[in-house]
Every structure is written in structure tokens, then in C-alpha cells.
Amino acid sequence: MAVNVSFTGRTYPPTAPYAVGREKIREFAEAVGAHDVVHFDQVQARARGYRDVIATPTFAVLIAQKCDRQLIEDPEAGIDFSRVVHGEQRFVHHRPITAGDEIVGVLTVDSVKQAGGHAMVTTRSELSTIGGEPVCTATSTLVIRGGE
Amino acid sequence: MSDALLSLSDVEVGQALPPRTIHISRASLVQYTGASLDRNRIHWDERFARSVGLPDVIAHGMFTMGSAINIVCDWLGDAGRVVEYGTRFTKPVVVPYESGADVEVTGVVTAVDAQTRRATVELQAMCGADKVLGRAVAVVVLG
């Protein structure tokens, strides 16, 4: 089944708020082998001018993936998740994700391209606090492999 | 790592960052699976990975991306100053049960903007002869 090209430009409603917790920040930092104390120790994080411990540079994927899921699970999009490969990922941080943040994501489908039996879908998740402060723009390219 | 923030005067184009070898074991992938909630079986279930045509279990691209940036954070002295980071996932990192896999991460400063105090770092991540990240670029704000 082909991916629905008419989805280009589509925007989904904001996701439910994601509550950023200290322990999740620490757990994620540990899992990627990050050692900066700014992820682990709120006293040292505050000494550097942050409100609390901050997330590692790729933590935002936890929230961006929730955004992408809206598209992947949309039956009209025609995406077979078992054929999805992560092609590209990019984050632009407007400020670090910080423990205590409540973040919502708004997903936009930037492009859908069909090429050589594969489809490439580029999505953009604008992450902001529930108060409307922009936090991160996450862009993903998903490659949907064609059938054999 | 040092806690001192790297300043603009410490950085120049062409400068190499201290390299690092990331050892990836099955345990690393299970830990990342739990932390990231990306529970795709190709990252921890060998039988499943082979059934979908992979040579073995492969690392999450996001695990490699998330680990590679540590050389930038440690060099910079504050992970909160990485303002942009992007990459392509060019080749999977295959993680055999016995040996695991080693990814060699290196980085070079490719641009410095004195006005905005921003530096651009290009990262390279190699697993054997395979370049596993492509166009891996981070932008940082210097002190």
C-alpha cells in the first residue's frame, strides 16, 4: 500500500502534555552514557543557571516519537510500521528541556515522497510548554521500505 | 570531565575533539530500550531480527546518535549548550551477542561564529569500516 502523498502539509492536534521528570532525565542520560552532572544533580544544574536538571540533547525523541505515532497510526496515511526505518533526525533546541516542564507537541507532515518503491516521510514536531514557550523543533525522516 | 565551560577563544576551525570509543553490548541496548521506550524487537531479540532479514540485533539509531554527542558535551563543558544536533542513519550497527560492537566517534570544528559565539562540530561515527552516522552536525554556544 502506497503512502498517502496528499498528507503533505497536514498538522495534527497537540499531544497530551508530557511531564518531564528528574528521574526520567537521569535514566535517559545514563542509558546513552552521558556524564555531565547537569543531567543528574539539580544543585549543580542551578549553579549553571538552569531551573533544575536538564535533558540530554536527544531526550526530545521521547516526545517527538509520540507526535510521529499520530501519523503512523492514522489508517488513512497508509504507513506499515513494520517497514519503517529511521532515516534522519534533527533537533533544534530553543532552550534545554528541564525537569518540571510539561510539554506538548504539534506534528506537521513536511513532505511525503515516493522514490524507487520506497516512501520518505519528513515530519516536524514543534515542542513547547503548556504555557506556549517554544522548547524544541524535532525533525524526523522516516523511510518506508517498499514490498519485495 | 571538566566542569569548565569552553570559551570562544579556546576554539578554532579544524580543531579536533577528544575521540571516544563507545562499546555497545546487548545490555546497552536493553537499557536504552527501557529508557527511550523504543521497544522494537530488532534491538534486543536476535531471532526476531533475523526473521526480518537483518544479520543480527542492531542498535537503535537514536542510541548511537545520543551516545555520540557525549564527546561534544564533555568537550564543551555543558550539555545544555548544544543548540542543534542532526544526523542521517546511514548504516545499522550490528551488535553480536558475544563481542558487542565498538563505535569510534571523532569530531572536528568546521565553523566558528564570533558574533553569535556559536561553533559547528561535524561528528564521524565508524563501526569497523562502516560510517554509521552521516552528516552528523552539532551547533554549540560557547562561553
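Biologist: Which residue stands opposite Phe91(A) in strand 2 of chain B?

Modeller: This is a predicted model, in which local features need pLDDT of at least 70 and side-chain atom pairs count only at pLDDT 80 or more, while totals for chains, interfaces and linings use all residues. Residues are numbered from 1 along each chain as its sequence is written, and chains are lettered from A and ligands numbered from 1 in the order in which they are written. Strand 2 of chain A and strand 2 of chain B, residues 82-89, pair in the antiparallel sense over five bridges (helices, H or I of at least four residues, and strands, E of at least two, are DSSP runs numbered from the N terminus; strands pair if DSSP finds at least two bridges between them). In strand 2 of chain B, the residue opposite Phe91(A) is Tyr85(B).

Biologist: Which element of chain A gives the most to the side of chain A that touches chain B?

Modeller: In all, 27 residues of chain A are in contact with 28 residues of chain B (contact needs C-beta atoms, placed from the backbone, within 7 Å). Helix 1 (22-31), helix 3 (61-72) and strand 2 (84-93) of chain A each supply at least two residues of the side that touches chain B. With eight residues, the element that gives the most to this side of chain A is strand 2.

Biologist: Are helix 1 of chain A and helix 1 of chain B roughly parallel or roughly antiparallel to each other?

Modeller: The two helices, of which helix 1 of chain B covers residues 26-36, pack with their axes 9 Å apart and at an angle of about 150° (axes are fitted to C-alpha atoms over the stretch in contact, and angles run from 0 to 180 degrees between N-to-C directions). Angles under 35 degrees count as roughly parallel, over 145 as roughly antiparallel, 65 to 115 as roughly perpendicular and the rest as oblique. Helix 1 of chain A and helix 1 of chain B are therefore roughly antiparallel.

Biologist: Which residues in helix 1 of chain B do Glu27(A), Phe28(A) and Ala31(A) meet?

Modeller: Glu27(A), Phe28(A) and Ala31(A) belong to helix 1 of chain A. Their partners in helix 1 of chain B are Gln31(B), Tyr32(B), Ala35(B) and Ser36(B).

Biologist: Which residue in the turn between strand 3 of chain B and strand 4 of chain B has a positive phi?

Modeller: Strand 3 of chain B and strand 4 of chain B, residues 118-127, run antiparallel and are joined by nine bridges, with Val108(B) opposite Glu122(B). These two strands form a hairpin with four residues between them. In the turn, the residue with a positive phi, about 60°, is Arg117(B).

Terms used. Contact = placed C-beta atoms within 7 Å.
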